[in-house]
Amino acid sequence: MNDQTTQSNKHLSNSFLSHYKQWGVIAISLFFILFLFQKTFNPLLEQRSEILSKIFYVSELQYTILKHISINKSNNTQSFDILNYQVNALKQALESLKRNSAISEHPELKRKLTELIHSAHQQLLLIEQFKTNHSVLQNSLYFFPSAYELCVQSINTTSKNNTLLKEQLKNILIAGLIMQNTSSGRSIQLKKALQNLKQQNKPSLSCQTFIDHSKLLLQYTPKVSKIHDQLSELKIDTKMHSFYTQFEKTTSQIVAKNQTYYLIILIFTIFLLIYIGITLTCLFRLNRDLKTTLTTLSEKQALFKALIQAGSAITLSKDKKTLYQKICNIASQKSLFETCWIGEVTPEHTLVPVAYAGKGKEVLKSLVIPLDSTDIKNSGIILESYLQKKPIITNTFPKRMAHTVWMKLIQKFDIKGNATLPIIIEGNVIAILVVYTQKTNVFTKDNNEFLYQLIDDISIALERFKAQDEQEKHQQDLAISSIAFESHEAMIITDATAKIIRCNRAFTQLTGYTQQEVLGQTPRILKSELHTKAFYESLWKQVYSTGIWQGEIWNRKKDGTLYACWQSISAVLDTNGRVTHYLSHALDLTKDKDAQCEIERLNYHDKLTNIPNRSLLIDHLEEALSKSHQYYGFLFLININRFKLFNDSLGHSAGDELLIKVAQRLQALEIKSIYNLSIARVGNDEFSVTCLSNAQASSKAQPLAETIATIIQTKLNEPFIIQKEPSIIDTSMGITLFTPCNKTAESLLQEANTALYRAKKIAKQTAQSTIQFFDATMHQKNKDRLKFENQLRTALANQEFRLQYQPQIALNTRDIIGIEALIRWQKSDGTLVAPNDFIPTLEESGLIISVGMWIIEEAISHALILHKILPNIAISINLSAIQFSDKYLINKVQDLLEQYQYPAELLEFEVTESLLMSNIEETIQKLNAFADLGIKIAIDDFGTGYSSLAYLKRFPVSKLKIDKAFIDDITKSDSSDPAIVQATIQMSKALGITTIAEGVEEKEQLDALNAMGCDEIQGYYFSRPLSPNDLQDFILKHQE
Amino acid sequence: MNNSVKILAGFAIFALAVVVYLDDKKSNSLSQEEAQLSLFSQPSFQQEPISPIPRSLSLNSQKVHLGEMLFHDVNLSHDQTLSCASCHDLQKGGTDGRALPVTAEYQKAKLPNTPVFNSPTVFNSSFNFVQGWEGKSLNLEQQAAIPLFNVFEMGNTTWSTILNYLTQSPNYHLMFKELYKTTTITPEQVIDAISTFERSLFTPDARFDLYLKGDQTILSAYEMDGYQLFKDRGCISCHHGINVGGNMFQKAGIFKPLFENANYMNNIEKLFKVPSLRNIALTAPYFHDGSIDSLEEAIDLMAKHQLGITLPQDENNKIQAFLKTLTGQYKGQWLSNE
């Protein structure tokens, strides 16, 4: 990689260097051309036209000036202004020529110019001389006629001499006037005339002037002519021409030199152009080569890409058709071929396209090519390829197909090349891949190899598909067999030696054996011993002879239970007729009975705890009672104490959880020396445990039962984790013992129930787990209680209850401050029932609620009467704990108070300590409600219960009633009671609570209490409970 | 490929532009030459040797204005005493009205052998073929610089003093800048401005010019006689052309020297430029030394020395009358020396 990079860098820098060389050559050539070109610049050439025009101008001026002078010389009228203009122009023109730097660069030319200027200068001087001298001459000529006139006038005309003189003068005049325009001969004439005149006498002044002027003419005429001749002799034309010639010569030299330069430039330019041309040609060629290379590369890349795509298509394709289509799509990509299709050889010997892509798809859709012809020449390449089983690739497709029916299609799609490649599997052509192209010479070695590769790949893929198909079929077969094997019939397969090699799930479910347990075993493990040896022998005999046996047979399960089934045993033979396997399948005939069992199970089981229910318990009990042995059986009924409270406080789901856990614990019981232990859920919170002991004597059975009961209770007393919180329950248990007899299950349950009832009753008092055995008397009591209860129910309606009142006396004043209402029941037959005998029953039956309200109403109405004689007397009424469970207690009391307009502060409820302690929060709430009404609360039987002083503070207690039990022994010095009473009284005082002692019967007791500081007393010492009438009497008597 | 085509096209357009430009230049230079040639076709008037002064010449009026300022500016002299106008007072016919310039005495004292000449008129000087009595200056440009650096005249020694003065003068500076589009004032510009102003000092519409232009009645018979005598007595042979003189050199005294003892000859042939007779009536005293005060005397002298005769008085008067018709107008006003 690095090597490549450096190499390419090197190549890059090389190309840069070579570029610099090329640019260098071009730059140097250009520089040289420019240099030569610069050489051709010559100011002389540039200004050639200007200089030439000046030369012509000067020449023209020369000519004009000379002409002008000639005219002036021979003409009278004159003005030098124009001549001056011309001379001035000539001067300027020459000056500018002189200043021309281009000319001064060429010495020869400059010399010629200097000569010219020099001559011109001389010429100008001569012109000035001409002007001056010509003017003088002109002056004389102007004046000459006038001078003649004056001279002639001054001469005397009479003398002959004078006439001659005149003639001579006239000759002079004529000679002078014409001299100007004639040749030099005329001047001789004038000279002669003057000489003639000289010989004469002295002339006059005027004539002298005339003679002077003629002399002047004679003097100046040759002078002017001479100047004129000199001007001509200057040969300024020659100088001019010489300069011009030199100029032309010089310029032509320069031009010639320049032509050489131009030639060199031309050569260089041509060289440069050739060089650039060659470079460009090289570049174009390189570019073309590069393009070709790139095209080839991209073609190869496309082929490579296509092959990769084909590879992935072959790998990914799940079936033949998808594969064909993908291959066609790949081959007909724009970089490859225009059209690609794959036809499958049908059983009818035709080729039908199954996948196609690219141009002309619509034609291929309906194409069917017969392959059963043998006329290769007319049928075209496909048949040829099919028959020869060889690929045919041609770049001259139309030529080869010219004679066939396909030619029109070929022309329509302008197909140039074709490749027909048969796909051969196991020597048969199963499909043909056909590729068309509209480009010429597409089928190169690379492309052909690609196509061969493609065909190979397809073949491989097709073989793979075939293998896959076969495997799939095999697997399907297997699946079908295994599904068939896994039917509801119990099946086993053994080898020839009757060893089990396979069994199905139905078998394991039926027999209870697992597959591992039976594999390698013989079916003999199932033998029930119910059939004779002959039975089996005839069975096998039939199998050997007919290959199959069918019939009903009894077998034994793993757990020993027998079952009947309809069994078939068949021998599996190999191709040689030897037994390789035996197959047995059995249809369980006990199936129907099992279904029945399940229904029963559902009927006899509790849904929540999934343990037997009451019905099943009764069944069990009946079964146990129906036995003929003399062993004792036990029936335990277990009730969860205060389950209702548990349910209410923690919720029903918690209650259900508790029940399930209790059931689980009972199920898990393992107790020695008993058997046939079974449990059941009898009621909501009642469970039963039944078991059989090995005790035959009652004396043995009873302790055993007690032990078992203790074990059970201990087990249940262990904490339960309910809703992730530990909970402890206590239970009540009723036990009854039985031996098989003529008792019914129902009666047994009744007995156990009675025992439980008693246990519950005890438990309510002790708040502990309780066990009670049933005995016969107990049963009778129970019967009595029911009867008594029924009597009580009617008692209230029959107005059999009476109220008696025991006065309460303040110790310090000995005044009657209150009365306690006490209920009495006088039956319709006249017998009086003690309160302790019927009040528990009232409470248990719940009658106490209605009776309690009757007591309050009755007491209030009595008190209202008493108030007429003793206005502030308070009435004290006992309230039972059951009454507190009445939701409407407060409202009822309030209603009564309002109804009777009774002052609440004169009403006092006495409640027991146990009530206070049982349901503290609710009790506090209710007691507070009473206190709010103004009703006072007294604690009855104080000292018998918890006597917790701390709790007292939380209740609105206004009075403590010290129980009679303490008062009885208050005078006895060896008792601890006086101290307790003393302490109670002192504590009460400290808390501001009034104390009342009940059951005071003796004077000593009164004194003792008085000494202790007790506030009030009640008891026989003052008065027994009195009827209302008697009470009135007592009050009146006491007041006295 | 596209780029090379663009480059070629661009080059072709450039080449075309160059060719067109060169062609234009060529035709321009031709027209310039034609203009030069046209100078020769100066129209000649009738067959008279004297031609009239044109009514107008094309001159840059700004240059004329600037030249006029410079012409009258004494600050161009080294001691701020003299200007061109000191010796060429336009109110005195373009001369100082003196025989010799004010500085002549001083110069004579300093350089006794150097001749001092009467100040020639500046009017119509542009029509003279050379400038000065001796014709030392070939044109007005050459002539304009001479007095500036003559120690006896404006007395400058270098151009820098003059140019400094002009540059520091905001007025001049601005005018030069506007006229010549350059930031620095050059001597050529100063000379050009002054000589252009001098070219504007021509006096057309002399009565004689009007006669030449065809007004046959403008001259009296007496004046016409004067003109005829001017021609017959040969005066015309030297005093002709547009400026009635000023177009050749001539010997002062053909028949006898004009001033015997005069120490004026600095050339062997004793030649002077023939002075112009335009406005001659206004430019007394006459001759190179200003020795002759009257025109009559001057004519008389000319007849005696150049013609060798004593001119009769009436002829003299007639010629005087003619010469007075040569007085022209400057800016529409008759020229006068009053």
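**Figure 1. Contacts across chain A and chain B.** In chain A, 62% of the contacts with a separation of 6 or more are between residues 24 or more positions apart. Two residues are in contact if their C-beta atoms, placed from the backbone, lie within 7 Å. In chain B, among contacts between residues at least 6 apart in sequence, 68% join residues at least 24 apart. This is a predicted model, in which local features need pLDDT of at least 70 and side-chain atom pairs count only at pLDDT 80 or more, while totals for chains, interfaces and linings use all residues. Residues are numbered from 1 along each chain as its sequence is written, and chains are lettered from A and ligands numbered from 1 in the order in which they are written.

**Figure 2. What each chain is built from.** Chain A holds 38 helices and 27 strands, and chain B has 12 helices and four strands. Here helices (H or I, at least four residues) and strands (E, at least two) are DSSP runs, numbered from the N terminus. Of the 1040 residues in chain A, 31% are buried; for the 338 residues of chain B, the share is 40%. A residue counts as buried if 20 or more other C-beta atoms lie within 10 Å of its own, as exposed if 12 or fewer do, and as partly exposed in between, with C-beta atoms placed from the backbone.

**Figure 3. Inside the largest nonpolar core.** A nonpolar core is a set of buried Ala, Val, Leu, Ile, Met, Phe, Trp, Tyr and Cys residues joined through C-beta atoms within 7 Å. The largest one has 90 residues, and Val58(A), Leu90(A), Ala93(A) and Leu217(A) touch the most other members. Helix H6 (residues 107-154) of chain A provides the largest share of this core, 15 residues. Look for Val58(A): leaving aside its neighbours within four places in sequence, its contacts are Leu90(A), Ala93(A), Leu94(A) and Met240(A).

**Figure 4. A covered strand, E12(A), and its partners.** All eight of the eight residues in strand E12 (residues 633-640) of chain A are buried. On one side you will find Gly633(A), Leu635(A), Leu637(A) and Asn639(A), and on the other Phe634(A), Phe636(A), Ile638(A) and Ile640(A). Seven bridges link E12(A) to strand E14 (residues 686-693) of chain A, running antiparallel; strands pair if DSSP finds at least two bridges between them. Phe636(A) has Val689(A) as its bridge partner in E14(A). Eight bridges join E12(A) to E17(A), also antiparallel, and there Asn639(A) is partnered with Ser732(A).

**Figure 5. From E17(A) to E18(A).** Strand E17 (residues 731-738) and strand E18 (residues 770-773) of chain A run parallel and are joined by four bridges. Ser732(A) meets its bridge partner, Thr770(A), in E18(A).

**Figure 6. Where chain B touches chain A.** Here 31 residues of chain B are in contact with 24 residues of chain A. Strand E1(B) gives the most to the side of chain B that touches chain A, with three residues.

**Figure 7. His288(B) in its loop.** His288(B) sits in the loop between strand E2 (271-273) and H11 of chain B. His288(B) is buried because 21 other C-beta atoms lie within 10 Å. His288(B) and Ser119(B) are 169 residues apart in sequence, yet their C-alpha atoms are 8.1 Å apart in space.
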